[in-house]
Amino acid sequence: MIEHRNGILIAVALMVGVPAITLLATLHQMFGTGGDGPIRASAVQAPPAPAPAASPAPQAPAAASPASPAAAAPAAATPAGAATPAAAAPVPGRSAQDFSASRPAWEGYLQGADPALGKQLAASGKPAAGVQACVACHGQAGITPTGGIFPNLAGLTPEYIAKQLADFRQGTRKQALMNTVAQGLSEQEIGQLAAYYGSLAGPPLHVGETGGEAARKLDQIGDGARALPACANCHGLRGLGEGPLLPRLAGQSKEYFADQINAFRNGSRQNDDVGVMRAFAQRLTDSEVEALGQYYAGSR
């Protein structure tokens, strides 16, 4: 009977004692010296300030007498005009600027850009700088009269046009004629042209009238088996554009569309974001490129 009672007492002691010890250890960790819990202010010690480097004491001349003024001067006194020890350099830290996203330079070209001046420049060019009139290739209202490999600028956003002209100017997008034109333009003139063409309405829409079912499927659905998302995901349904830097495809000539897809394919155009268009262009067949070009161009 006594042994049975002792066993019960031992079991109860273990049941109560072990949790109590665990609780005390946890509280010691949290409020004592360390742990993941609250830290007492008294436990946080600032690092000691670095002591200024002691300058060597000047040696007295051998013939100086103890009663001379130099000997009587306090040892710690600093001579008049002497430089004081430099303060410790501040420890570099973080600022809000360290986490600010960088902005492309061409955004500044658009600040205060006057479309009227852009219209004048588009009509007359800058012959002295080797810049021909834009209307010679892109039409009087930003719509090329004969199609071909010259794009329609009307209907594109000012941001997209400014970026492309900046890329031509810097050589990150290569096309001999446009590289020459863009390098002859100032940053302000690029902004003016972009503001002008960005204010013009795009060409009449006939998207989907030609190109067939294969083109419609690629535009609206894509092809998951080949990791081809729908073109509409980036360029808007029926190619009407999506956002400032994703251009409108609707109304561009089939020749220009095919020319740019092939440029992405062979790497002669590389100013797409992280190579997205270069990757997609590699997965399209020649017949699909032709069908999509007809689909976005319409009946022109």
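User: Let's take buried to mean under 20% relative accessible area, and exposed over 50%. On that scale, is E288 buried or exposed?

Analyst: This is a predicted model, so the values are computed from it. E288 is found in helix α13, residues 286-297. Its relative accessibility comes out at 14%, and because the cut-off is 20%, E288 counts as buried.

User: Which residue has a side chain in polar contact with that of E288?

Analyst: Not counting residues up to four places away in sequence, E288 touches L218, R226 and R283. A polar contact of 2.7 Å links the E288 side chain to that of R226.

User: What share of the contacts with a separation of 6 or more comes from residues 24 or more positions apart?

Analyst: The chain has 300 residues, and buried ones make up 30% of them. As for contacts with a separation of 6 or more, the share from residues 24 or more positions apart is 64%.

User: Which element gives the largest share of the largest nonpolar core?

Analyst: That core has 25 residues, and A122, I161, L165, L185, L193 and Y197 touch the most other members. Two or more residues come from each of α3 (106-109), α4 (115-124), α6 (158-170), α7 (176-183) and α8 (187-198). The largest share is 6 residues, and it comes from α6.

User: Which residues is L165 in contact with, leaving aside its neighbours within four places in sequence?

Analyst: L165 is among the residues that touch the most other members of the largest core. Once those sequence neighbours are set aside, its contacts are M178, A182, I190 and L193.

User: How many residues are in the second, separate core?

Analyst: Its members include A250, A281, V289 and Y296. The total for this second core is 16 residues.

User: Back to α8: which elements do its buried residues pack against?

Analyst: α8 reaches 16 Å from its first C-alpha to its last, close to the 16 Å expected. It's mostly covered, with 9 of its 12 residues buried, and among the buried ones are E189, Q192, L193 and Y197. The buried residues of α8 pack against α3, α4, α5 (135-138) and α6.

Definitions and conventions:
Residues numbered from 1 in each chain as written. Predicted model: local features only at pLDDT ≥ 70, side-chain atom pairs only at ≥ 80, totals over all residues. Heavy atoms only, no water. Buried < 20%, exposed > 50% of the residue type's maximum accessible area, 1.4 Å probe, protein only. Contact = heavy atoms within 4.5 Å. Core = buried A, V, L, I, M, F, W, Y, C linked by side-chain atoms within 4.5 Å. Helix = DSSP H or I, 4+ residues; strand = E, 2+ residues; numbered from the N terminus. Expected span 1.5 Å × (residues − 1). Polar contact = N/O pair within 3.5 Å; in protein donor to acceptor, adjacent residues only side chain to side chain.
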